[in-house]
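Colleague: I'd like to learn how to read a few features in a structure. Could you walk me through them, starting with burial?

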Amino acid sequence: QVQLVESGGGLVHPGGSVRLSCAASGSIFSISAMGWYRQAPGKQRELVALIRSGSSTMYLDSVKGRFTIPRDNAKNTVYLQMNSLKPEDTAVYYCNVKKMKSREDYWGQGTQVTVSS
């Protein structure tokens, strides 16, 4: 089992910045990728950013150039650095861990990010 604890959400004005954290614990071996999803009310969950075990990254087109997904392997923690925030970034953000070989998927509890004036 893998446990994921998220932190860092809150209210921010348009153009502001927020950094989310996701700390993994438990059976953390053989993790294939860590990433962030988001879901706004009434909308489909979407993948925002992902970092693979080999450190390659992928970003949703609408956040490219604004968001980054740093990782601290020693702390088993992944971050989502969000800059130049827009109202459409408002959502609940979920951390995700995948173990492809065992077909396992783990989720954080979710943290609300609200971008509003």
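Modeller: Buried means under 20% relative accessible area, exposed over 50%, and partly exposed in between (1.4 Å probe, protein chains only). Here N96 counts as buried because its relative accessibility is 2%. Bear in mind that this is a predicted model, where local features need pLDDT of at least 70, side-chain atom pairs count only at pLDDT 80 or more, and totals for chains, interfaces and linings use all residues. Residues are numbered from 1 along each chain as its sequence is written, and side-chain values use heavy atoms, with hydrogens and water left out.

Colleague: Where does N96 sit, and which residues is N96 in contact with?

Modeller: Strands are DSSP runs (E, at least two residues), numbered from the N terminus; N96 belongs to β10, residues 91-99. Contact means heavy atoms within 4.5 Å. Neighbours within four places in sequence aside, N96 touches L4, A33, M34, G35, Y37, D105, Y106 and W107.

Colleague: What does the side chain of N96 reach at 3.1 Å?

Modeller: The backbone oxygen of Y106. There is also a polar contact of 3.4 Å between the side chains of N96 and K98. For that term, take a pair of N or O atoms within 3.5 Å; within protein, one must be able to donate a hydrogen and the other to accept it, and residues adjacent in sequence count only if both atoms are side-chain atoms.

Colleague: And how many disulfides are there?

Modeller: A disulfide is a pair of cysteine sulfur atoms within 2.5 Å. The structure has one: C22 and C95, with sulfurs 2.0 Å apart. The pair joins distant parts of the chain, C22 in β3 and C95 in β10, 73 residues apart. The S-S torsion is about -85 degrees, so this disulfide is left-handed. C22 and C95 are both buried.

Terms used: Helices (H or I, at least four residues) and strands (E, at least two) are DSSP runs, numbered from the N terminus.
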